[in-house]
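Have the structure open and follow along.

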Amino acid sequence: RAPEEGEVTGSTPVSSTMTAAISRILVWAAKNERHLGAAAFVLGFGVDLFTFTILSVVYANLAFAAYISLAATAIAIGSVLPRSREYVSTWMRGISILAPLAAQYAIGSLLSGFMIFYTKSAELSASWPFLLLLALVFIGNEYFRTYYKHLAFQISLLFFALYAYLIFAIPLIVDRLGPLVFLGSTAASILLFALYLYLLGKINSIELRSSLRFALPGTLVTLLLVNAAYFTGVLPPIPLTMSESGIYHSLVRQEGKYVVMSEPSRLWYELYKPETVHSKGGSLYAYSATAAPIRFSTAVVHRWERYDAATRRWVTQSKVSFPTSGGRPGGYRGYSQYAPNTTGKWRVSVETPGGQVIGRIPFLLEITDVPPVLHEETH
């Protein structure tokens with residue numbers, strides 16, 4: 001039969017053309033897998049740096065949940081793919097390349113988001129060990145990205161991310177903080193992780209059994225380190241943040257506002273130094289505003305501490321506790337009163353009842369017979 005006008009003979013089917021193009025892309029992706037992993041890392045960090053600094057806690061919680069789901073799904077899909085890539089289909093080969101990248105992107109985004117959120121609620125002088133641990137895991141996630149082909153490495157990081165997420169998500173659900181809430185977060189992390197391993201075992205029991213020899217010790221270390229961080233007060237008290245604070249000579253509440261008398265503000269180049277407070281031995285007032293989500297309620301503790309140069313330790317002189325609740329844009333305000341009578345280094349640690357440090361107000365006390373010059377402020 002002669003070809004009709006406009007008819008093309010000997011043409012390659014469209015599906016074959018697409019398959020060939022996809023194959024070329026996959027060959028390129030396989031050769032540049034390391035660079036694509038770095039790109040996924042940079043992209044995840046950049047997106048988090050932009051979004052998690054402007055998202056509210058509630059929406060950040062949803063974003064974290066989505067990343068956890070993506071990571072768990074990508075790891076599960078990757079675990080069922082055959083190790084040999086020579087005789088598999090084009091689509092399966094594509095999934096074998098994309099699944100580890102998706103897992104790396106999701107876990108990298110989780111870790112960078114955690115760094116942003118935990119740092120917001122952290123007092124660096126108290127929480128730096130946990131932030132250092134978080135930073136090391138974050139850097140290790142990038143440095144050892146070639147290990148994303150190994151299931152043990154993936155599920156170890158997934159548990160760390162799941163645990164760090166639930167520590168901050170469970171308090172949002174129950175609208176409070178405390179040791180029992182933290183232990184509940186720990187139990188929920190273990191149960192969900194065990195359920196995930198059970199489902200993973202149904203998919204690929206042979207590889208899971210060989211991976212657990214390496215993953216379970218890492219999981220146990222994570223549990224021990226995070227529990228030690230919490231019960232020593234090192235773990236930041238997400239979602240609480242201290243928005244305002246200060247040491248004042250008098251404090252009066254008038255028409256819903258706090259009117260305080262303070263000494264002159266420090267110059268810009270002195271902001272890194274503790275404030276110097278002059279006193280004739282009378283009472284001082286520690287003021288703090290603690291921001292929290294709507295309906296969130298807990299207690300806030302003001303711990304007045306003096307530095308003992310002989311023992312090189314901070315010694316508690318007074319503790320005052322008062323309730324706080326969330327929802328106010330500027331934070332829930334509160335204050336405590338104490339009459340320090342020893343010169344030297346002092347600080348007021350603003351804490352949760354469990355000892356997590358929300359913030360600190362350091363100052364140097366000088367006792368003098370001359371009353372300091374004061375000016376009025378309103379909060």
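Q: Which residues line the second largest cavity?
A: This is a predicted model. In it, the second largest cavity is lined by Y118, F130, F160, Y163, A164, I167, T222 and V226. The elements that give two or more residues to this lining are α6 and α8 (205-231).

Q: Which element gives the most to that lining?
A: That's α6, with four residues.

Q: What makes the space there a cavity?
A: A cavity is a set of points where a 1.4 Å probe fits but cannot get out, and a residue counts as lining if it has an atom within 4 Å of a point. The second largest cavity holds about 40 Å³ of space. It is one of two cavities of 30 Å³ or more in the structure.

Q: How do the residues of its lining divide into nonpolar, polar and charged?
A: Seven are nonpolar, one is polar and none is charged. T222 is in the lining, so T222 is the polar residue.

Q: What about the largest cavity: how much space lies in it?
A: About 100 Å³. Its lining has 14 residues, and I167, P171, L177, I238 and Q356 lie nearest its centre. Both α6 (151-174) and α7 (179-203) supply at least two residues each. The lining divides into 11 nonpolar, three polar and no charged residues.

Q: Why is R303 called buried?
A: Buried means under 20% relative accessible area. R303 comes in at 18%, so the label applies. Across the chain, 45% of the 379 residues count as buried.

Q: Where is R303 found, and which residues is it in contact with, leaving aside neighbours within four places in sequence?
A: R303 is found in strand β6 (residues 297-308). Leaving those neighbours aside, R303 is in contact with T316, S318, K319, R347, V348, S349 and E351.

Q: What makes the pairing of the R303 and E351 side chains a polar contact?
A: A polar contact needs a pair of N or O atoms within 3.5 Å, one able to donate a hydrogen and the other to accept it. The side chains of R303 and E351 make theirs at 3.1 Å, so the distance passes the cut-off.

Q: How many helices and strands does the chain have?
A: Eight helices and 11 strands. Among contacts between residues at least 6 apart in sequence, 75% join residues at least 24 apart.

Terms used. Residues numbered from 1 in each chain as written. Predicted model: local features only at pLDDT ≥ 70, side-chain atom pairs only at ≥ 80, totals over all residues. Heavy atoms only, no water. Buried < 20%, exposed > 50% of the residue type's maximum accessible area, 1.4 Å probe, protein only. Contact = heavy atoms within 4.5 Å. 1 Å grid on protein atoms, 1.4 Å probe; cavity = no way out; pocket = protein on both sides within 12 Å on 5 of 7 lines; lining within 4 Å. Points joined across faces, edges and corners; volume = space filled by probe spheres on them.
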